[in-house]
Amino acid sequence: KDSSMHGDRNLAGEWSKVCPDAMSSTLKRIGIEDCDHGILWDFVQECFHHTSFAKNYSNSMPLWAFLIRGADDVDKVTWAAEFIRIQESTPANAYVEMAKAAVRRVSHYGERVAAAKQAVALAFEEVGEDTDHGKKVILECWAALVSSQGSKADMEALLAVKRVKESLTADVAKIFYSGRHRWEALQWFSDTETCVAPPHSGLQHLVDLCVSAAKDDTHRKSLKPGETPSFDKALVVLKRHTASSQCARFVEQLPTAADVLRKGLEWLTPLFPRRAAEQYPRLLTIDPPQAADVSALLACCLKYRVDLPVIPEAAAVIAMNDLRGSKLEAARLQAVRVLRKLDKRAEIDEMLKDESVSVRKAAQAAVDFFTAQDNAKKEAAEAKGGR
């Protein structure tokens, strides 16, 4: 660079036109890491004086990459932020770019950079309350940075920020979901106003993340020794929301894995018994079905007086004694249906003595069906013999 151009208005104007492209192409060609630190710092300061961040985001990106390249560059980030505050007419956009570059830098090099955290924190502090989009982007950058490289203390510091608007809490939780502090962030999200206060708009997102975590476990071969299953962690997160029907949706979307679904139904039964009963056929279609699960379903329907869903045939056969001996008329009717299909005539005859008129009628209809079937076979045999 030639600083003498500052004294010539025409040259200075010309330099301001070519500076962004010159800076961008130079840094792309030679690479930031190959430059002499002192010379490049002078060049960067010159570029700052002649680059409008509000209009040249892509060209300003290499500048930010330089500023956050090492842990000793926090002072340079502070200098840049102060420069933007003084020089820029619309500084919010420049701060957003600073935050985005910080995350890209750390992601690209896989390093924990103090200057990157400083850049995002400064950006968050400087962006005004009226720039919702910019605040959202910066929060996402901050969360992504802490999620990938930060400590638990870093995460807690971010989640404790009072200026995190309720409309952004779901976005922050989703970012932390993929990081090392998943469940701490989900618990924080669970306790925010967007989940706790009407209309509880955040609960759907919270449930979706909990379901996703439970599904992740089913895709893994095994859990680590001493590791708590995601399903159990999800129940802790959802503990304060058990009055919401979203808890039923949580169980309804669980993977069709017997152990997970069984625990989910046990948890849901006292909360939303009808919704729990409706989900039991999913569990009973898993091979092999368990008689204990049929018993649990019958107990749910009897205790909470909810309708008994149609029990899959294989499960009904295994638990036939429970069905026939149940106090639920609907259970005994289903027993008759299955016994008729299996041609169990002796058992059907016993059902003719049932205390329920409906069950007796169903059993009699089965007997009539067997009689008509036998007569048809007899007539067919006689007709064949007569020839």
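Modeller: Start with a definition: contact means heavy atoms within 4.5 Å. Helices (H or I, at least four residues) and strands (E, at least two) are DSSP runs, numbered from the N terminus. This is a predicted model: local features need pLDDT of at least 70, side-chain atom pairs count only at pLDDT 80 or more, and totals for chains, interfaces and linings use all residues. Residues are numbered from 1 along each chain as its sequence is written, and side-chain values use heavy atoms, with hydrogens and water left out.

Colleague: How many helices and how many strands does the protein have?

Modeller: The runs named above give the count. The secondary structure comes to 22 helices and zero strands.

Colleague: Ala 248 lies in α14. Which residues does Ala 248 touch, not counting those up to four places away in sequence?

Modeller: Ala 248 has 0% relative accessibility, so it counts as buried. Ala 248 and Leu 268 are 20 residues apart in sequence, yet 6.6 Å apart in space, C-alpha to C-alpha. Beyond four places in sequence, Ala 248 touches Leu 268, Phe 272 and Arg 275.

Colleague: Which elements give two or more residues to the lining of the second largest pocket?

Modeller: On a 1 Å grid over the protein atoms alone, a pocket is an open set of points where a 1.4 Å probe fits, with protein on both sides within 12 Å along at least five of seven lines; lining residues have an atom within 4 Å of a point. The second largest pocket is lined by Ala 214, Asp 217, Thr 218, Leu 223, Pro 229, Phe 231, Asp 259, Val 260 and Lys 263. The elements that give two or more residues to this lining are α12 (203–219) and α15 (258–268).

Colleague: Which side of α17 do its buried residues take, the same side or opposite sides?

Modeller: Asp 293, Val 294, Leu 297, Leu 298, Cys 300 and Cys 301 are buried in α17. They cover an arc of only 155° around the axis, the arc being that of the directions from the helix axis to the C-beta atoms. That puts these residues of α17 on the same side.

Colleague: Which exposed residues does α17 carry on the face turned away from its buried side?

Modeller: The buried residues of α17 pack against α15, α16 (273–284), α18 (313–318), α19 (320–324) and α20 (329–341). The face turned away from them carries the exposed residues Ala 292 and Lys 303.

Colleague: Glu 313 is in α18. Which residues is Glu 313 in contact with, leaving aside neighbours within four places in sequence?

Modeller: Glu 313 counts as partly exposed, because its relative accessibility is 30%. Leu 284 is 29 residues away in sequence and 9.3 Å away in space, C-alpha to C-alpha. Beyond four places in sequence, the contacts of Glu 313 are Val 338, Lys 341 and Leu 342.

Colleague: What is the omega of the peptide bond from Pro 198 to Pro 199?

Modeller: Most residues other than glycine have a negative phi, and most peptide bonds are trans. Pro 199 lies in the loop between α11 and α12. The bond from Pro 198 to Pro 199 is cis, with omega near 5°.

Colleague: And what is the phi of His 200?

Modeller: His 200 is found in the loop between α11 and α12. His 200 is partly exposed, with a relative accessible area of 33%. Its phi is positive, in a residue other than glycine, and lies near 55°.

Terms used. Buried < 20%, exposed > 50% of the residue type's maximum accessible area, 1.4 Å probe, protein only.
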